[in-house]
Amino acid sequence: QVQLAESGGGLVQAGGSLRLSCALSGSIFSINIMGWYRQAPDKQRELVAFIGRDETSYYADFVKGRFAISRGNTKSEIVLQMTSLKPEDTAVYYCGATIRGNAYWGQGTQVTVSS
C-alpha cells in the first residue's frame with residue numbers, strides 16, 4: 001500500500017551536484033522517520049541521512065558538509081541535495097520511511113560519480 005518513489009539520480013563528474021527527491025504515497029498514518037540509504041555493488045547498505053519525526057536531521061560522517069536533507073512540500077516528501085560528489089558516492093540511493101513500526105523502501109535511483 002505504501003509506496004516511495006525516488007528520482008534525480010544520474011551520472012556526474014567528481015565535484016558535481018545532484019538533487020534527489022522522494023515522495024511517499026498510500027498511507028494516512030504518521031511517518032516516524034524518512035531518510036536516504038545507499039548501497040554500492042561492493043558495499044553493504046548504509047545510512048546517508050534522515051529526518052526524524054521531531055524534524056531533527058542526522059547525517060553520516062562521510063556526507064557531513066556535502067549533503068543536505070530537507071522536506072519537500074509536505075512531510076511525506078524529502079529532498080537530498082548532494083554537492084562535492086566523490087567517486088565513492090557512487091551507489092544506488094534508496095528512500096526509506098518508517099510508519100507505525102513498519103519500514104518501507106523505494107526502488108532506488110542510481111547515482112554514478114566519475115573521476
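Visitor: Which residues does Arg38 touch, not counting residues up to four places away in sequence?
Guide: This is a predicted model. Arg38 is found in strand S4. Not counting residues up to four places away in sequence, Arg38 touches Gln44, Arg45, Glu46, Val48, Phe62, Val63, Phe67, Glu88, Asp89, Ala91, Val92 and Tyr93.

Visitor: Is Arg38 buried or exposed?
Guide: The cut-off for buried is under 20% relative accessible area. Arg38 has a relative accessible area of 5%, so it is buried.

Visitor: Which side chains does a polar contact join to that of Arg38?
Guide: A polar contact of 2.8 Å joins the side chains of Arg38 and Asp89. Another, of 2.9 Å, joins the side chain of Arg38 to that of Tyr93. The names asked for are Asp89 and Tyr93.

Visitor: Where is Arg66 found, and at what relative accessibility does it count as buried?
Guide: Arg66 is found in the loop between strand S6 (57-59) and strand S7 (67-71). Buried means under 20%. Arg66 counts as buried because its relative accessibility is 10%.

Visitor: Which residue has its backbone oxygen 3.0 Å from a polar atom of the Arg66 side chain?
Guide: Leaving aside neighbours within four places in sequence, Arg66 is in contact with Gln81, Met82, Thr83, Ser84, Leu85, Lys86 and Asp89. From that list, the backbone oxygen that lies 3.0 Å from a polar atom of the Arg66 side chain belongs to Ser84.

Visitor: How many aromatic pairs does a search of the whole structure find, and what is the geometry of Tyr37 and Trp105?
Guide: The search finds 2 aromatic pairs. The ring centres of Tyr37 and Trp105 are 4.9 Å apart. Planes over 60 degrees apart count as edge-to-face. Theirs stand at 75°, so the pair is edge-to-face.

Visitor: How many residues apart are Tyr37 and Trp105?
Guide: Tyr37 is in strand S4 (residues 31-39) and Trp105 is in strand S10. Tyr37 counts as partly exposed at 27% relative accessibility, and Trp105 is partly exposed at 40%. The pair links distant parts of the chain, 68 residues apart.

Visitor: What kind of aromatic pair do Phe50 and Tyr58 form?
Guide: Phe50 is partly exposed, with a relative accessible area of 22%. Tyr58 is partly exposed too, with 40%. Their rings lie 5.3 Å centre to centre, with 25° between the planes, and the pair is stacked.

Visitor: Which rings does the charged end of Arg45 sit over?
Guide: One ring centre is 3.8 Å from the charged end of Arg45, that of Tyr94. Another is 4.9 Å away, that of Trp105. The rings are those of Tyr94 and Trp105.

Visitor: In the open sheet of 4 strands, which strands stand at the edges?
Guide: The order is S1-S3-S8-S7, with antiparallel pairing. Each edge strand has a single partner strand, so one side of each is left without a neighbour in the sheet; the edges are S1 (3-7) and S7.

Visitor: Which residue takes a positive phi in the hairpin of S9 and S10?
Guide: S9 (residues 91-99) and S10 (residues 102-105) pair in the antiparallel sense over 4 bridges. Ile99 has Asn102 as its bridge partner in S10. The hairpin has 2 residues between the strands, and the positive phi, near 50°, belongs to Arg100.

Notes:
Residues numbered from 1 in each chain as written. Predicted model: local features only at pLDDT ≥ 70, side-chain atom pairs only at ≥ 80, totals over all residues. Heavy atoms only, no water. Buried < 20%, exposed > 50% of the residue type's maximum accessible area, 1.4 Å probe, protein only. Polar contact = N/O pair within 3.5 Å; in protein donor to acceptor, adjacent residues only side chain to side chain. Contact = heavy atoms within 4.5 Å. Pairing = 2+ DSSP bridges. Phe/Tyr/Trp six-rings, centres within 6.5 Å; stacked < 30°, edge-to-face > 60°. Lys NZ or Arg CZ within 6 Å of the ring centre and 35° of its normal.
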